[in-house]
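Good morning. I will talk for a few minutes about the inside of one protein, its cores and its pockets. Please look at the structure first.

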Amino acid sequence: MHLLVPFASALSEAGRHTIRGLNLPNLERLLGRLQPAERHGSDEYSLTPPHEASLAAARGWQGGAGALPFAAHAAHADGIEVLDLAWGQLTPVHWHVGRDEILLTDPDALQLEEAESRALLEAVRELFESEGFALAWGAPLRWYAAHESFADLPTAALDRVVGRNVDRWLPAGREARLLRRLQNEVQMLLYAHPINEAREARGALPVNSFWLSGCGRWQESLAEPVQIDERLRAPLLGEDWAAWAEAWRALDAGPLATLAAAAERGEPVTLTLAGERFAQRFENASGSWWARLRRRYSHPSAADVLEAL
């Protein structure tokens, strides 16, 4: 039983203030029963966020930051035959163009319908296929492209870029030049597309670009099952700290309570908490009876653990 909790911490002062005000009794129970194990991540500027790095490690994948095969596995889950091709996920997105920066809006805010998504993919298909890309549709917010240049192309995870200036996170180097040109061509093609005109007429955000992530070839995964609870994602990315605190309380009362009860019954459990810099894995405490008892009463507080992420 392995529970992975992304967006468990925040680096902003408002986020830290929220952490210090949380009351999470079941997380405290778990921290008294479990001990720290592997730690993944580096800093808040890594192309791969800590929760993805931890998940890739649990699956046994090989690859550097930004070069882990999340797209190939998502495509396979969507019923696409991935073969030995190098895949990347193309997420249809809205770029908000400001005076000094371009911000990427959370794709969930698009509320993109299937028919709209399929039509927009068909609209840009020729741009990609004329350059040797293979395209596939997986879901309204999941398009896929296969191209040999994706085999070793580091790209920033979408979760790193939402709400931030895209310039810092765009791929660089010779392999990325074609991608940058395609982004420009897609933006021009979609600017006056009838679907976007209809969306804007009803007050919806237009789809005016795409984000490439998760590049690489398929890799087999280890058998360890991981349950991912993403309820903290939307409020943290939206900096809605009241909603984030409420989501934390619900998480504590639900999955963390279940995990704590299992740990107290002596069942093997694993908890991974992931922030913006690090993901910390916790496992059943080992050692002598006295060492385990001492940990129950002298472990770091939940706030200390979360702020260290």
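**Cores and pockets**

Start at Leu 273. Setting aside neighbours within four places in sequence, Leu 273 is in contact with Val 5, Ala 8, Leu 27, Trp 248, Phe 278, Ala 279, Gln 280, Phe 282, Val 305, Leu 306 and Leu 309. Keep in mind that this is a predicted model.

Leu 273 belongs to the largest nonpolar core, which has 46 residues. Leu 27, Trp 211, Trp 248 and Leu 271 join Leu 273 as the residues with the most contacts inside that core. Helix H10, residues 241-253, gives the largest share of this core, 6 residues. Another core, of 25 residues, lies apart from it, and Leu 90, Leu 112, Val 186 and Phe 210 are among its members. As background, nonpolar side chains in soluble globular proteins tend to be buried together.

The largest pocket holds about 870 Å³. It is lined by 35 residues, and Glu 52, Gln 89, Arg 142, Asp 159 and Glu 230 are the closest to its centre. What classes of residue make up the lining of the largest pocket? There are 17 nonpolar, 9 polar and 9 charged residues. Helix H4 supplies the largest share of this lining, 5 residues.

The second largest pocket holds about 330 Å³. Of its 18 lining residues, Val 162, Arg 164, Leu 236, Leu 237 and Glu 276 are the closest to the centre. H3, H6 and helix H9 (233-237) each supply at least two residues of this lining. H3 and H6 also each supply at least two residues to the lining of the largest pocket.

How values were computed
Residues numbered from 1 in each chain as written. Predicted model: local features only at pLDDT ≥ 70, side-chain atom pairs only at ≥ 80, totals over all residues. Heavy atoms only, no water. 1 Å grid on protein atoms, 1.4 Å probe; cavity = no way out; pocket = protein on both sides within 12 Å on 5 of 7 lines; lining within 4 Å. Points joined across faces, edges and corners; volume = space filled by probe spheres on them. Helix = DSSP H or I, 4+ residues; strand = E, 2+ residues; numbered from the N terminus. Nonpolar A, V, L, I, M, F, W, Y, C, P; charged D, E, K, R; others polar. Core = buried A, V, L, I, M, F, W, Y, C linked by side-chain atoms within 4.5 Å. Buried < 20%, exposed > 50% of the residue type's maximum accessible area, 1.4 Å probe, protein only. Contact = heavy atoms within 4.5 Å.
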